[in-house]
Amino acid sequence: MGQFITYAQNNEDVILDAYFKDVDAGVYVDVGANHPINDSVTKHFYMKGWRGINIEPIGYLHEQLVADRPEDTNVRVGVSDKAGTLKLREYVNDGLSTFSDELKEEYDKLPQEKTATYKDIDVPVTTLKDLLGEHKPKHIHFMKIDVEGFEFEVLKGNDWNKYRPEMLCIEANHDVPGKDWRTILDRHGYEKVWNDGLNDYYLAKESSKRKKNFDYATAMLLGDQVLPHHVFDRIHELHQQLHDEQIKLEVQGLKFKQLEQARLEAEAIIHDQRRFKTAARLLVRAVDNIITSRIEHLHVIKTTSDVQLTGDASEFDTSNKDTLLTSIRNGDMQSYYAFKKSRPRQHFYAYKAVMGTYVFAKRGVRKVARTAKGLVKRGK
């Protein structure tokens, strides 16, 4: 089961769609079209692919029809039983505007908020016969008439032998004494087939086969879910807002993941640096312990001589034990940093005392101890 989005005031488009469910691109005539969307009987059909003639005498409503229905024929004129000029009473609530003198008097006798404010404007009027003769629709599937008590004059002005809509949907809540418009339809071969509580539906006798298409229970209850367009629009708006929020959350989630990854990488770098510093401290401490002990045992410090590391031209300050130890440590740390940066296998500075000179020992710090110990035993 799908959804039927209704734009009409009283589900008129749902009912008409059922009668014409076999028509994909029909033709309509809307007399008293009013707004192109709100309470519009024909908006659904326009969106479905139908096209037609919209007749609306009020200026700003006609402009809205032109904007919303560019492929329709939109006519700014009134419709009566003869051409001329009539006074249209335009109420603030445009759904009540009327040419009917009887309805104007009724509203004057029983003033309401909706009818208290109005203006009278002169409007050119024509007949259905002349208007349809000018625009020449080849066929009219349905005609909707909503003219606030002026139905008799509208229907009287048509040539029913020449222009015969298959169905008429007429607002039937205003009965004007002496102007029973139903007699006109009876006389010209139209049969009343439905009333929705507000409108009467008439089928031409030659289109009576369409009666079998409509079943109220199926159309309104068992068929597609009927949703007023403003409800559907609100649901769509909420869905769009939800979608936008989901996108925002996804973007925020992605940013969070990126930040979390950056944090983990930073923590890894800090951890590596801590490990490096710990290793460096241990190395320096080991070198200090070994070199200090060997220097003390071998008595290699000579205040007047320079001790050199053979092979790399590094000079050591031998003015006393502490300065010699510091310079050896610095050289050893430089070698360690070079090792961390370049990664190929290298050896740190290890030293053996031979005639007051430190030379490069490729077997590491432990070799220093063994070499120094041997020198001490030999008394050098």
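Me: Before we start, what makes two strands count as a pair?

Reply: Two strands pair if DSSP finds at least two bridges between them. Keep in mind that we are looking at a predicted model.

Me: Then why are β5 and strand β7 called paired?

Reply: Two bridges join β5 to β7 (residues 118–126), and at least two are needed, so β5 and β7 count as a pair. The two strands run parallel. Within this pairing, G78 has V125 of β7 as its bridge partner.

Me: What makes β5 and β6 edge strands?

Reply: Look at the order of their open sheet of three strands, which is β5-β7-β6 with mixed pairing. β5 (78–79) and β6 each have a single partner strand, so one side of each has no neighbour in the sheet.

Me: How do you know that β8 is paired with β2 and with β9?

Reply: Count the bridges again. Strand β2 (residues 27–31) and β8 share four bridges in the parallel sense, and four bridges also join β8 to strand β9 (residues 167–171), again running parallel. The rule asks for at least two, so both count as pairs. You can find Y28 opposite F142 in β8, and M143 opposite L168 in β9. From β8 the chain passes through helix α6 (residues 151–156) to reach β9, in a right-handed β-α-β crossover.

Me: What makes you say that both faces of β8 are covered?

Reply: In a regular strand the side chains alternate between the two faces of the sheet. In β8 (residues 142–145), F142 and K144 are on one side, M143 and I145 are on the other, and all of them are buried.

Me: Why is T98 called buried?

Reply: Its relative accessible area is 1%. Buried means under 20%, so T98 belongs in that class. T98 sits in the loop between β6 (84–91) and α4 (101–109). Leaving aside neighbours within four places in sequence, T98 is in contact with several residues, including K87, L103 and V147.

Definitions and conventions. Residues are numbered from 1 along each chain as its sequence is written. This is a predicted model: local features need pLDDT of at least 70, side-chain atom pairs count only at pLDDT 80 or more; totals for chains, interfaces and linings use all residues. Side-chain values use heavy atoms; hydrogens and water are left out. Buried means under 20% relative accessible area, exposed over 50%, partly exposed in between (1.4 Å probe, protein chains only). A crossover is right-handed if, with the strands pointing away from the viewer, the path from the first strand over the helix to the second runs clockwise. Contact means heavy atoms within 4.5 Å.
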